Amino acid sequence: GLAYALREGAERTEKRSGVRITELRVAGGGSQSDAALQLTADVFGLPASRPHVYEASGLGAAMDAAVGAGIHKDFPTAIREMTRVRDTFEPDLKIHARYDELYLGVYKKMYGRLKPLYEFMKKYDDTESWVIDQIEKIIEADKEQASLREGDYIRNLKPALNSKIEG
């Protein structure tokens, strides 16, 4: 579903901009998965590449700083000097044909068929606030879990550091 939603967004971007997308760059946590990159290439029918770093936002900030500080004269130079492709996944055209059939025959028709259900849900004025409450509960639980994990990490790290200092 997510890959289809991204494909749909890319198609809208192409239509509005008049610029055809010929290859994909995928960054972030999901880009660490070979399976996710291959699926993306297959769904789009385009090569999908990941950069040499998966956290591209930090790299983008470094590129901004490099141009701002005069290390690189402009963004095209910073891009050329500071980025590189690590891996590229080529689409399997036979698998792409299957994904394409499902995209056009199911995914693209789904909203129209679900629209009456969305309209039905609108009559419950509190649906949106209920959903927001549920999301906030999940976020709070995640924060508590992250805090516990961080606390465990620090508790486990402290004795190791003390033994290094004392040893």
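Me: A salt bridge here is a side-chain nitrogen of Lys or Arg within 4 Å of a carboxyl oxygen of Asp or Glu. With which residue does the side chain of Glu11 meet in a salt bridge at 3.9 Å, N to O?

Reply: This is a predicted model, and in it the stated distance for the Glu11 pair, 3.9 Å from N to O, falls within the 4 Å cut-off, so the pair counts as a salt bridge. The pair links distant parts of the chain, with Glu11 in helix α1 and its partner in helix α5 (residues 93-122), 97 residues apart. The side chain that meets Glu11 is that of Lys108.

Me: Is Glu11 buried, partly exposed or exposed?

Reply: A residue is buried under 20% relative accessible area and exposed over 50%, with partly exposed in between. The relative accessibility of Glu11 is 27%, and therefore Glu11 counts as partly exposed.

Me: How far apart are the closest N and O atoms of Arg50 and Asp34?

Reply: Arg50 and Asp34 form a salt bridge, and this pair links distant parts of the chain, Arg50 being in strand β2 (residues 48-51) and Asp34 in helix α2, 16 residues apart. Asp34 is partly exposed, with a relative accessible area of 42%. The distance between the closest N and O atoms of the pair is 2.4 Å.

Me: Is Arg50 buried or exposed?

Reply: The cut-off that decides this is 20% relative accessible area, under which a residue is called buried. Arg50 has a relative accessible area of 5%, which is under that cut-off, so Arg50 is buried.

Me: Which element supplies the largest share of the lining of the largest pocket?

Reply: The largest pocket has a volume of about 260 Å³ and is lined by 14 residues, of which Leu2, Leu6, Val26, Ala36 and Thr40 lie nearest its centre. The elements α1 (2-17), β1 (24-25) and α2 (34-44) each supply at least two residues of this lining. The largest share, 5 residues, comes from α2.

Me: How many residues in the lining of the largest pocket are nonpolar?

Reply: Sorted by class, the lining of the largest pocket has 1 charged residue and 3 polar residues. The number of nonpolar residues in this lining is 10.

Me: Leaving aside its neighbours within four places in sequence, which residues is Thr40 in contact with?

Reply: Thr40 lies in helix α2 and is one of the residues nearest the centre of the largest pocket. Thr40 has a relative accessible area of 15%, and because this is under 20% it counts as buried. With its neighbours within four places in sequence left aside, Thr40 is in contact with Leu24, Val26 and Ala48.

Me: Taking the chain as a whole, what share of its residues is buried?

Reply: The chain has 6 helices and 3 strands, and from the N terminus on its elements run α-β-α-β-α-α-β-α-α. The chain exposes about 12,700 Å², of which carbon and sulfur atoms supply 58%. Of the 167 residues in the chain, the buried share is 20%.

Technical notes
Residues numbered from 1 in each chain as written. Predicted model: local features only at pLDDT ≥ 70, side-chain atom pairs only at ≥ 80, totals over all residues. Heavy atoms only, no water. 1 Å grid on protein atoms, 1.4 Å probe; cavity = no way out; pocket = protein on both sides within 12 Å on 5 of 7 lines; lining within 4 Å. Points joined across faces, edges and corners; volume = space filled by probe spheres on them. Helix = DSSP H or I, 4+ residues; strand = E, 2+ residues; numbered from the N terminus. Nonpolar A, V, L, I, M, F, W, Y, C, P; charged D, E, K, R; others polar. Buried < 20%, exposed > 50% of the residue type's maximum accessible area, 1.4 Å probe, protein only. Areas by Shrake-Rupley, 256 points an atom, 1.4 Å probe, with all protein chains shown as cover. Contact = heavy atoms within 4.5 Å.
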